Amino acid sequence: MATWRNSPELTNNERLLIHEGLYTEVAPGHVIEADLAGAPALRANQLLRHIPRGHIAVTFSACWIFTGWWPPGRMREVYAAHPKRTKPPAVYRHAVPEEFTRRIGGLMVTSPARTAVDLLLLEPLEEAMEGLLQLYGAHLTMAELRAHVDLEARRKKLPMVREIVNQFADYATWRRDTMIEAVREAAQETSGATSLPGDDHPSSSR
């Protein structure tokens with residue numbers, strides 16, 4: 001299993017192409033054209049060769065599969081869970097209930113809600129919150145996230161996660177309302193700019 005310890009260093013040309021958005025690094029030493037990782041199924045299929053049967057893509061790898069986002073500055077690595085193994089790519093040793101997983105591109109991946117909770121429980125808070133922001137909306141609703149927190153009430157530190165989710169819900173509501181208000185104001189300004197002087201006055205009949 002290739003890790004950052006034994007994988008070959010990227011060439012200067014590969015680094016340049018990644019910087020320009022033409023290439024993306026899937027796993028340590030595994031670089032592909034960005035078009036080949038343009039959708040969740042494509043990204044999962046690329047990780048399939050790095051995550052053996054019986055393992056489940058979790059945390060940042062799962063988030064990357066759903067969204068294409070990777071924490072800036074974090075070294076590329078494969079994050080997987082296995083109920084018994086602890087050697088790469090099994091970064092975490094725990095069993096993930098089947099109902100909390102999805103099969104994407106032939107690979108078992110934690111659901112968006114489980115991924116969000118795992119990030120908040122297992123990863124640094126700043127990166128976990130950014131991952132949650134990436135998942136929220138296109139792949140995850142607030143109702144789904146709260147329901148999943150209720151389903152996993154026995155996990156350690158769940159009260160902390162519940163509080164974070166409650167605060168995030170307030171932020172999401174504020175962001176939605178702010179965006180709606182901004183769109184309304186922009187529409188009003190556009191409408192006012194395209195109307196002619198006197199359009200708001202009824203014309204006199206002769």
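The model is predicted, so local features need pLDDT of at least 70 and side-chain atom pairs count only at pLDDT 80 or more, while totals for chains, interfaces and linings use all residues. Residues are numbered from 1 along each chain as its sequence is written, and side-chain values use heavy atoms, with hydrogens and water left out. The chain holds 7 helices and 7 strands. Here helices (H or I, at least four residues) and strands (E, at least two) are DSSP runs, numbered from the N terminus.

**Overall make-up and confidence**

- Along the sequence, the order of elements is α-β-β-α-β-α-β-β-β-β-α-α-α-α.
- The chain has a mean pLDDT of 89, where pLDDT is the predictor's confidence in each residue, from 0 to 100.
- A value of 70 or more is reached by 89% of the residues.
- Among the elements, β7 has the highest mean pLDDT (98), and helix α7 (residues 158-194) has the lowest (89).
- Of the 206 residues in the chain, 39% are buried; buried means under 20% relative accessible area, exposed over 50%, and partly exposed in between (1.4 Å probe, protein chains only).
- The chain exposes about 12600 Å², and carbon and sulfur atoms supply 52% of that area. Accessible areas come from the Shrake-Rupley method with a 1.4 Å probe, and for residues only the protein chains shown count as cover.
- Of the contacts between residues at least 6 apart in sequence, 53% join residues at least 24 apart; contact means heavy atoms within 4.5 Å.

- Strand β6 (residues 101-104) pairs with strand β7 (residues 107-110) in the antiparallel sense, over 4 bridges. Two strands pair if DSSP finds at least two bridges between them.
- R103 has M108 of β7 as its bridge partner.
- The hairpin has 2 residues between the strands, and G105 takes a positive phi near 55 degrees.

**Aromatic rings**

- The structure holds 7 aromatic pairs. Rings of Phe, Tyr and Trp (its six-membered ring) pair if their centres lie within 6.5 Å; planes under 30 degrees apart count as stacked, over 60 as edge-to-face and the rest as tilted.
- The ring centres of F60 and W70 are 6.1 Å apart and the planes are at 55 degrees, so this pair is tilted.
- The pair links distant parts of the chain, with F60 in helix α3 (residues 59-67) and W70 in the loop between α3 and β4 (80-82), 10 residues apart.
- F60 counts as buried at 1% relative accessibility, and W70 counts as buried at 11%.
- Ring pairs join F60, W69, W70 and Y79 into a cluster.
- W70 also has the charged end of R76 over its ring, 4.3 Å from the ring centre. A charge sits over a ring if NZ of Lys or CZ of Arg is within 6 Å of the ring centre and within 35 degrees of the ring normal.

**Helix α4**

- Helix α4 (residues 112-122) is mostly covered, with 10 of its 11 residues buried.
- The buried residues of α4 include P112, R114, V117 and L121.
- T115 lies in α4 and is buried, at 0% relative accessibility.
- Leaving aside neighbours within four places in sequence, T115 is in contact with T59, A62, C63, F66, T110 and L135.
- D118 is also placed in α4, and D118 is buried, with a relative accessible area of 0%.
- Not counting residues up to four places away in sequence, D118 touches T59, T110, E123 and R155.

- R43 lies in helix α2 (residues 40-47) and counts as buried at 6% relative accessibility.
- Not counting residues up to four places away in sequence, R43 touches A37, G38, W64, I65, F66, T67 and G68.
- R43 and L107 are 64 residues apart along the chain, and their C-alpha atoms are separated by 9.8 Å.
- R162 is found in helix α7 and counts as partly exposed at 33% relative accessibility.
- Leaving aside neighbours within four places in sequence, R162 is in contact with V149, D150 and A153.
- R162 and V117 are 45 residues apart in sequence and 9.4 Å apart in space, C-alpha to C-alpha.
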